[in-house]
Amino acid sequence: MKKLALYLKEYRKECVLGPLFKMLEASFELFVPLVVASIIDVGIANGDGGYILRMCGLLVLLGAVGLVSSVTAQYFAAKAAVGFAAKLKSALFAHIQSLSYTEIDTLGTSTMITRMTSDVNQVQSGVNLVLRLFLRSPFVVLGAMVMAFTIDARIALIFAAAIIALSIVVFGIMLISIPLYKKVQNRLDGVLGATRSNLTGVRVIRAFAREPQEIGAFTEKNEALAKTQRFVGRISALMNPLTYVLINAAIIWLIWAGAVRVDTGLLTQGEVVALYNYMSQILVELIKLANLIITITKSAACANRIAGVFEIRSSAVNGSRTEVAPDVETVRFDNVNLRYHGAAGDSLTGIDFTAKRGDTIGVIGGTGSGKSSLVNLIPRFYDATGGRVLVDGVDVREYDLHALREKIGVVPQHAVLFKGTIRENIRWGKPDASDQEIMQALETAQAMDVLRAKPQGLDTLIEQGGRNLSGGQRQRLTIARALVRKPEILILDDSASALDYATDARLRQAIRKTDATVFIVSQRASSIMYADKIIVLDDGVAVGTGTHEQLMQSCAVYQEIYYSQFPKEERA
Amino acid sequence: MKGKKLQKGTVARVLRYVRRYWFSLILSILLAAAVVVTTLYVPILIGQAIDCILEAGKVDFSAILNTLGLIALLVAATALCQWVMNTLNNRITYNVVRDIRQEAFQKIEELPLRYLDAHPHGEIVSRVIADVDQFADGLLMGFAQFFTGVATILGTLGFMLSINPAITLVVVLVTPLSFLVANFIARKTYSMFKLQSETRGEQTALIEEMIGSQKVVQAFGQEARMQQRFDEINGRLEQCSLRAIFYSSLVNPGTRFVNAIAYAGVGAAGAFAAVSGAITVGGLSCFLSYANQYTKPFNEISGVVTELQNALACAARIFELIDQPSQQPDAPDAKTLEQPRGEIMLQNVRFSYDPTQKLIEDLNLSVKPGMRVAIVGPTGCGKTTIINLLMRFYDVDGGSIAVDGEDIRSLTRRSLRTNYGMVLQETWLHAGTVRENIAFGRPDASEEEIVAAAKAAHAHSFIKRLPEGYDTVITEEDGMLSQGQRQLLCIARVMLCLPPMLILDEATSSIDTRTELKIQDAFAHMMQGRTSFIVAHRLSTIRSADLILVMRSGRIIEQGKHEELLAKGGFYAELYNSQFKH
């Protein structure tokens, strides 16, 4: 929480002036009952019309001054809150961008998005409200009490008692109901989960004809939610009646005590009215304060969540080497281990191999055998937990991350494209690529027919996430995006899975003609069998390294994979 | 005009839901009226008590005591009424919300897949959750503030008139001003708020896109450019947010100032009246507190009206979902499919998702019981569409599909679907334990049967290694299980039921080929004597099929056995051979 205050620092002036003006407004309000008292005790008692008018003019004046201070306060508060939120958001965005894959994995995308959107908004309105009200309400409550003391110290003790009793009730109810509201939120999450699950699993649910059971389960969750809500409702519904009772009890006491003191000449009638008015003011402010505290607790929870994101530091320390000349040994793994954060076992163990310039390296293995983990180490998406990964003879940790990734073209497993034209998307790989370079990349990626299907060519608009393209079209565009920068190293992480065999084959042929060192990750033996070197992974261990022919002789796992896809009687 | 009518319709529907709780509602309204009357009467009594305190020696203690006693009684009664009323309002609101959610959920279970496939799930979820919540807030606020607000205004007016009509006039004349001020500001700020929410939407879209693909952004070193784009939008948002928030926050001080004027007006008029003896000091103090009370509901109501409009808009969105036509119900004379032999016949089937784009035209297919049918072809050629039609997730536009000679439209959906065992590409699992998931289709299955099914699907060994074994709770999208393991559970789920017909859609695509090899025996065993449809990219799984359908752009262009098709040298041969090309 304290960390976030940093972004408020620049608005120190506003943070002081806002509440100050708000207090000014409140103090003018506090004078009102005093003025009314003198109207009664002086104006009415003496029948002085001029005095009454002057005093009423004073009331209007107090109102006008209050208006001006209040508007000033609102301005400062809004400026500080909005500016704070903008700074916070920008810093948060930058921070998230600086995180490495390890942290992104642990945080999760949807969490980061909520932190950046609804959480920041909630904090913004919290700051705004605090600056406006947090000083005002207690000030009015205490101020009213002080004013009461100036009128009659003995009677003012009633105020002290009333304020204590009211605080106990208001905060007591809140203390009880806040955890209950959390419970409501959990129940609501349950209802939400059931709804979402029924939408994503609709085919399975209908295939097993489980609709009645699903409705039954939902009814249970739904009723549980309503029950909790009704229960919380009953408790928070106590707030208004109880405060009402307390305030009126205080007023009754006040009038009785006032009557006694007026009778002995210690107090005037007008002063009793003033005291009564102060009591009413306290009630109004206390209710505001209670609402404010609810908002603050919510905002504080959001602020803590945001601070939590800031506390996560990128585990990848940036290196400094920017210029590294291409080397014959493009990539070398030197006894590399990888254990993911929080995982029980290693995902890669003792990986050791060298890729020479222009080589094609195939990586094959079962699900979860560590294929993607292996290639993710080359652009330093993750840091090896043991051994070294060298690119052009230099440890990847010594590189400036940008300089390192500049050398590499990555085609991720999930074909992600962005809103914008095809040209803009391809230019992610090389911001200044000419149309000719783009066309060349598309051609190599076998994506020319994607382009031909679109009348607007390179200017065709791609929707968010590439929704208006098929899986295969997306994959080929992401391949072109990686190719356009003419990378030294090209990594294809199972990125031809949506292509049919014919296109896949043509693609591999075209890529061979570029001079990049190519890593192909695949489950299909056909995709990697012609590679210069094949690494066979099983449970994170390289159980075989060599060409197809060598592995067919020596590696049992490879044979097994191969024969599961090409039964023996065929070509083996 | 049309919007108005729509809103009226929505209000009528909301009232229909509320009507179920009519008793609570009437009680709540009566209590609200009682609360308003007593709340307003108490200041009068206080005024009377103050009138008994004139000056030293002139205090009527017995009258004060009587009045104070009455006040205490009234306050206690008011508090009780208020609590009961609040509780009733909560109960009505939450029950109505529960009823609406229930209905919406039931509708989801009945909606045709055509609707569900075409609408983003997030949008439907947001209707059932966020919109209903917003609606509840509005409804509760409407109950709590709208009615009591109106009652308070009327009550205050009545009481004020009964004390002194002239001063009442002052209050009545000044207060609408605060209404005007609030309205004026609200109109002015509307466009600012609109700009704010548009800019915010723009920013959220960027956040979603970029954070969602953070890994790609980093892989291509685009962080700086993204930050630039983000900061540009952020700067604009800061500007327009500041304006929107500041101007809208003027409402409160503005109306408070108007109140101050009203207060001063009442003070002046009341004081002069008191001087001339037309009103007592106690009456004046009572008037002053009324002047405060009278204006407050105006401010609240203007807030409530926007809230209510918002609530109605949300309600309309939910009703739109509830009003969607359900799938055609089973015919009343629909037959139950029992122990089918598994003979499936497609005759002149015509189907498309989008009427303007032809997909399947004149599809004919005859599958004998126990036959193994493989469907192959490039992505998007209509393979999954066939499954949609066989399972009757979608109805054909023309022609017919028959099982054992019965048109599937004359059968109950339940009996048709439970006679198919289906393993889909998406590995959807139910939130619950592993055991519950395997027993999804047969909740009454015994422990031995469940374990046997898991063993047959080669899932038993990894399940045993899970922290709680078969009692491990899995959620829909957790990382505990790999994609392959999830698929094994989906297979075990079917293994337990083992219906006479099977549909396997890419069933093995995310299981590594070694595991696949192991379960292929199990599959072969499962398919024995069962009519099966298999969709897969992996040609090896298809080679042993009795019939291969080669599809392209919604049409079956070739059909036959593997060897026949290879010999034919057509599209299938091209597909098959391409995997060996260098």
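This is a short tour of a two-chain model, stop by stop.

The model is predicted: local features need pLDDT of at least 70, side-chain atom pairs count only at pLDDT 80 or more, and totals for chains, interfaces and linings use all residues. Residues are numbered from 1 along each chain as its sequence is written, and chains are lettered from A in the order in which they are written.

**Stop 1: chain A by domains**

Colour chain A in three pieces. Domain 1 is 1–144 + 291–315, domain 2 is 327–407 + 487–572, and domain 3 is 409–486. These bounds come from an automatic or database domain assignment. Now look at domains 1 and 2 of chain A. Their C-alpha centres lie 56 Å apart. Their contact takes four residues from domain 1 and five residues from domain 2. Contact here means that the C-beta atoms of two residues, placed from the backbone, lie within 7 Å. On the domain 1 side, one of the touching residues is nonpolar, three are polar and none is charged. Nonpolar covers Ala, Val, Leu, Ile, Met, Phe, Trp, Tyr, Cys and Pro; charged covers Asp, Glu, Lys and Arg; the others, Gly among them, are polar.

**Stop 2: a helix with a kink**

Select residues 153–200 of chain A. This is helix α7, with 48 residues. Helices (H or I, at least four residues) and strands (E, at least two) are DSSP runs, numbered from the N terminus. From first C-alpha to last, α7(A) reaches 69 Å, close to the 70 Å expected at 1.5 Å a residue. The expected span is 1.5 Å times one less than the number of residues. Zoom in on A:Ser177. A kink of about 25° lies there, shortly before the proline A:Pro179. The bend is the angle between axes fitted to the seven residues ending at a residue and the seven starting there.

**Stop 3: strands of chain A**

Show β1 (329–338) and β2 (348–356) of chain A. They pair in the antiparallel sense over six bridges. Two strands pair if DSSP finds at least two bridges between them. A:Glu329 has A:Lys356 in β2(A) as its bridge partner.

**Stop 4: the four-stranded sheet of chain B**

Switch to chain B. Four strands form an open antiparallel sheet in the order β2-β1-β4-β5. β2 (360–367) and β5 (406–407) stand at the edges with a single partner strand each, so one side of each is left without a neighbour in the sheet. Between β1 (344–351) and β2 of chain B there are five bridges. B:Phe351 is the partner of B:Ile360. Next, show helix α11 (383–390) of chain B. The helix lies across β1, β2 and β4 (398–403), running at about 115° to β1(B). Axes are lines fitted to C-alpha atoms, for helices over the stretch in contact, and angles run from 0 to 180 degrees between N-to-C directions.

**Stop 5: the six-stranded sheet of chain B**

Which strands form the open sheet with mixed pairing? The order is β6-β9-β10-β3-β11-β12. At its edges are β6 (420–423) and β12 (555–560), each pairing on one side only. Neighbouring strands are turned by 15° on average, direction ignored. Pick β3 (372–376) and β10 (531–535) of chain B: they run parallel over four bridges. B:Arg372 stands opposite B:Ser532. α11(B) also lies across β3, β9 (501–505), β10 and β11 (547–552), at about 150° to β9(B).

**Stop 6: where the chains meet**

Show both chains. Their contact takes 123 residues from chain B and 127 residues from chain A. On the chain B side, helix α3 (61–110) gives the largest share, 24 residues.
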